[in-house]
Amino acid sequence: MAPTATTHPTIHRLDKRLINQIAAGEVIVRPASAVKELIENSLDADATRIEIAVEEDARTFTVRDDGRGMSREDAALAIERHTTSKLECFEDLARLATRGFRGEALAAIASVSRFSLLTRASDSLGAIELRAEGGSNTRLGEAGAPPGTMVSVRDLFYNLPARMKFLRTPVVEWGHILKTFIRQSLARPDVAFVIRWRAKPYLNLPAAQSLADRLAAVLPRESGAGLIEIDEQVHGVRAYGCIGAPQATRRDRRHQYFFVNGRPIVSRPLTFALQEAYRGLIMTQQFPVAAVLLEIPGEEIDVNVHPTKEEVRFRNEPLAAGAVHRAALQALRAADLVPRLDLPREPGARLAPGSSNASRIPPAARSGSRGGVFHPSTPSTDPREAPPPGFFTPGAPVGEAVPGANAEQLPLDSGKGEPTGYSPVADRSAAAPERYSSAAESEEATLIARLQAAEGPPNVLAQIELTYILAEAPGLGLLLVDQHAVHEKILYLDFMRRERATEVQTLLAPYTFEASPTEAAAMELLAPALTAEGFQTTHFGGSTWLIETVPLVFDKIDACAFVRDLLDELGGADLKAGLELERHRIGARAACRAAVKAGDPLNRAEMQELLDEVLRTPEAHRCPHGRPTLVLLSKDHLDRRFGRT
Ligand code: ADP
Ligand code: MG
């Protein structure tokens, strides 16, 4: 075929401005991302003071530093894409000491805002001012200014309406900016950081603070108390910084900050490793505050995996996580971690005799007798009931705990010199969460054994707030039991011990479970697994499923709530790709829904029955989620508390 003269090329080069705007889409997703890049530039320029001012709309802000500044030539080049002073060859990436290296931030920010850069190099007499609008119409002029650099960004995204639509309210965007600011400021407590919002000073962090002081300054006041310093080196990885006292936890992870070689990052394995060190010291759904810095040889990480450099890839992730875990664990053990068991002082802890709490219970809740809730079980020696992967396995510490010592002292006393249960060599392939040990576990693991060996079984005294059982453990002291957690664990172990779904109860009225459209596909996959475990589940039609039997162990279960829990739990996973519905998951979820709840009134006989069951179940010291189920206030502790010794 002969080429015709009328062919127009359909492929053409994008113009520079458009390229920058496209790049901005990756790097600058919201005002906070621009602020982050600007702070990083200031730090790279060796600033000792960084001041930020954020205006009303959170799309207009300035970042000013007293750093190195730029020459006229550099200033003009800086807002071109792929211009950087920090990287010359690919090998430099591994040794990188600077925050920036991609050379695209300024170009990207300038292309999506009304931008100005005022800069004066330390050795120059005058300053340079560069202005641009949407990355074009660039003007360069002389100006007067102190040494350093001030970037002002106005009307971010004014020329990208689509991006602007995705912005949240100014207050929310301001929240993101503040978070960015805090993360950066924690990485460099030696540098002064100041931020203003709507023309008012918001945070003023002086230079040369210790990390603990800086962390305390940015945290809500009650969380900054009693910070614990950590510092450990494991196989060339150093983890140091500050972690929160177990008494000062938060409901979310918002105040956990991680850094790798000075760079703020987000990392699930590190978060998880930290949490594990607190296991047994804090409740589930509670999270410690922390600023943890890792120092890792440059070739062990790849910083170039994410456009905003918020994630890094570790060559040996378990090693990094292990260092965090070890550092936190050692510090928690060394710190004075006497649990806060100030019962005599607490005004809220009214002791209600088990039989006289009638007035607080709605009649409906009282109607069903709980008799027979606790199924007889034989002493557990069956190896099959060892907790499955994912659950706590009492590890090395158990044998080393000191029997008879005071519960409240054990985390300290027994902790010395113990292995953490983490071995970087053995655990290379997986984070092996169940191998982590915590400071509190050795003490608890021996508690039931001590109760068994006591002069007599615990005597129930009362139910507290319909949640805890209070008992006297002869010769040991006062025992407090979380009624839900302990029952949950007992049911779970009972279920896991049984062969299969032979012992089921056929329900006269089956449960009808309505799946939502998003749950329907998951139900198809779930039904056979449920049926195999004794929850006979059949498709009734449409989005309706029938659950016709339940395992005897779980005869008190709310089966619909249980199935919903399971779907929620599996929700994040790619169900089709790998539905790992191990038995233990079903068991743990079902146990939670079948166990007595906090808030359920129990009479004395029921409480005694539950305690008897506890004594037959040495593993009951933790619930399936890893929370402790029992607390002992030893006689010694009480004596000390009342000043008798
Ligand atoms: P990168 O930081 O990846 O090098 P940027 O686009 O953020 O890319 O910045 C481009 C260059 O501009 C930097 O390499 C640096 O030389 C210069 N620069 C940017 N901000 C500052 C600043 N606050 N002070 C001094 N130089 C700066
Ligand atoms: Mg930069």
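Visitor: Which residue is the bridge partner of His539 in E21?
Guide: The partner of His539 in E21 is Trp545. This is a predicted model, where local features need pLDDT of at least 70, side-chain atom pairs count only at pLDDT 80 or more, and totals for chains, interfaces and linings use all residues. Residues are numbered from 1 along each chain as its sequence is written, chains are lettered from A and ligands numbered from 1 in the order in which they are written, and side-chain values use heavy atoms, with hydrogens and water left out.

Visitor: How many bridges pair E20 and E21?
Guide: Four bridges, in the antiparallel sense, pair E20 with strand E21, residues 544–551. Strands here are DSSP runs of E with at least two residues, helices are runs of H or I with at least four, and both are numbered from the N terminus. Two strands pair if DSSP finds at least two bridges between them.

Visitor: What order do the strands of that open sheet have?
Guide: The order is E19-E21-E20, three strands with antiparallel pairing. E19 (504–514) and E20 (537–541) each have a single partner strand, so one side of each has no neighbour in the sheet. The twist averages 25° from one strand to the next. Angles run from 0 to 180 degrees between N-to-C directions, with axes as lines fitted to C-alpha atoms, for helices over the stretch in contact.

Visitor: And the open sheet of eight strands, what is its order?
Guide: That sheet runs E5-E4-E3-E6-E2-E1-E7-E8, with mixed pairing. Its edge strands are E5 (136–143) and E8 (200–205). Neighbouring strands are turned by 10° against each other on average, direction ignored.

Visitor: What packs on the sheet, touching E1, E7 and E8?
Guide: H7 does, and its direction makes about 175° with that of E7. Contact means heavy atoms within 4.5 Å. Helix H2 (residues 31–44) lies across E1 (49–54), E2, E6 and E7, at about 10° to E2.

Visitor: Is E6 mostly covered or mostly open?
Guide: Strand E6 (residues 148–154) is mostly covered, with five of its seven residues buried. Buried means under 20% relative accessible area, exposed means over 50%, and partly exposed is in between, using a 1.4 Å probe and protein chains only.

Visitor: How many bridges join E2 to E6?
Guide: Five bridges join E2 (residues 61–65) to E6, and the two run antiparallel. E3 (residues 114–120) pairs with E6 over seven bridges, also antiparallel. Thr149 of E6 stands opposite Asp65, and Thr149 is also the bridge partner of Thr119. Phe115 stands opposite Val153 in E6.

Visitor: New topic. How many aromatic pairs does the count come to?
Guide: Six. Rings of Phe, Tyr and Trp (its six-membered ring) pair if their centres lie within 6.5 Å; planes under 30 degrees apart count as stacked, over 60 as edge-to-face and the rest as tilted.

Visitor: Why is the pair of Phe181 and Phe193 edge-to-face?
Guide: The planes stand at 85°, with ring centres 5.6 Å apart, so the pair is edge-to-face. Phe181 is in helix H7 (residues 170–187) and Phe193 in strand E7 (residues 192–197), twelve residues apart. Phe181 is buried at 0% relative accessible area, and Phe193 is buried at 0% too.

Visitor: Which residues form one aromatic cluster?
Guide: Phe495, Phe535, Phe554 and Phe562.

Visitor: What about disulfides, how many does the count come to?
Guide: Zero disulfides, where a disulfide is a pair of cysteine sulfur atoms within 2.5 Å. Cys242 is buried at 1% relative accessibility, and Cys560 is buried at 18%.
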